[in-house]
Each structure stands twice: as C-alpha cells, then as structure tokens.
Amino acid sequence: MLSGYQTEEELIQNMADAGCKEEMAADVLNCLKQGQKKKGLMLLQRQRKALLDGIHKDQSCIEYLDGVMDGMRKGNARQNIAATESQGFSTESDSTGQAEVSGSMETKVSNRRLQAADC
C-alpha cells in the first residue's frame, strides 16, 4: 500500500524533508490509500518541478550578481554609468532603488529588469 514505506509517518516525514507541505503529503497518502499511485506520483512530480524551477531562478539571480561583481572588480560599473550619462541618457533611482535610464536605452534596460525582476 505505501510503496516501499513501512509506515505512514515515514512517508510523511520523507516528504516533509523533501519540502512538501502537510497538505501535499496528505494528498499523496490519500492517493496511495485509494490505490491511485499514478495520481500520487503526478502530485510529487509537480512538487519536484516547482523545486527545480526555484533552483533555476536562484541560479539566474546568482549569474546576474556575478555579472555585477565582475563589473565592479574590473571598474566597469563606474565607466558604464559615466558613458551612459555622457551619451545624453540620465539615470534615476525608482522607488525600489533600481536605476532607470531615460532615452533610447530605456527599452533595453527595461527588458533586462524584467529578466531579473525576481532576483
């Protein structure tokens, strides 16, 4: 019935250790009790995908941060800001503290911000 688990508590604990909420564990357990193993596996696959999506988002944020750090180490951050301002673009901080660029670069900056919005 429990597909390799000796007790319900063991199954619930393993799912909790894997980041499943109590409701998810209860749903999977109910599926197993009702003989709906495929449905239980589907629920766990969704949880796995959500965890993996979180990892990918975090990896993307780390890559953005690495880029900022590399630019600062190379001294490019100050040069890029100065070059942007010398080309007639102005930089201003919005309410979130992020810099906004006015002018023809605005679309490019806006797109970049959308990509990194969750970081």
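This is a predicted model: local features need pLDDT of at least 70, side-chain atom pairs count only at pLDDT 80 or more; totals for chains, interfaces and linings use all residues.
## Overall architecture

The protein chain contains 5 helices and 2 strands. Read from the N terminus, these elements follow the order α-α-α-α-β-β-α.

Of the 119 residues in the protein chain, 17% are buried. The accessible surface of the chain amounts to about 9200 Å², and carbon and sulfur atoms contribute 51% of that area.

## Helix α2

Helix α2 covers residues 22–33, a run of 12 residues. From its first C-alpha to its last it reaches 16 Å, close to the 16 Å expected at 1.5 Å a residue. Gly-35 follows α2 and has a positive phi, near 75 degrees.

The buried residues of α2 are Met-24, Ala-25, Val-28, Leu-29, Cys-31 and Leu-32. Viewed down the helix axis, these buried residues fall within an arc of 155 degrees, so they line one face of α2. They pack against α1 (8–17) and α3. Glu-22 and Glu-23, on the other side of α2, are exposed.

## Gln-47 in helix α3

Gln-47 belongs to helix α3, which spans residues 37–74. Gln-47 counts as buried because its relative accessibility is 16%, and the cut-off for a buried residue is under 20%. Apart from its neighbours within four places in sequence, Gln-47 is in contact with Ala-18, Gly-19, Cys-20 and Met-24.

## Salt bridges

Side chains of opposite charge can pair when their charged atoms come close. The structure holds 3 salt bridges. One of them joins Glu-8 and Lys-33, with the closest N and O atoms 3.1 Å apart. Glu-8 is in helix α1 and Lys-33 in helix α2, so this pair ties together parts that are 25 residues apart in sequence. Glu-8 is partly exposed at 27% relative accessibility, and Lys-33 is partly exposed at 41%.

Helix α3 contains the pair Lys-49 and Asp-53, placed 4 residues apart, about one turn of the helix. Their closest N and O atoms are 3.0 Å apart, and Asp-53 is partly exposed with a relative accessible area of 39%. Asp-70 and Arg-73 also form a salt bridge, at 3.3 Å from N to O. These two residues lie 3 residues apart in helix α3, a separation of about one helical turn. Asp-70 is partly exposed at 35% relative accessibility, whereas Arg-73 is exposed at 60%.

Terms used: Residues are numbered from 1 along each chain as its sequence is written. Side-chain values use heavy atoms; hydrogens and water are left out. Buried means under 20% relative accessible area, exposed over 50%, partly exposed in between (1.4 Å probe, protein chains only). Contact means heavy atoms within 4.5 Å. The expected span of a helix is 1.5 Å times one less than its number of residues. The arc is that of the directions from the helix axis to the C-beta atoms. Accessible areas come from the Shrake-Rupley method with a 1.4 Å probe; for residues, only the protein chains shown count as cover. A salt bridge is a side-chain nitrogen of Lys or Arg within 4 Å of a carboxyl oxygen of Asp or Glu.
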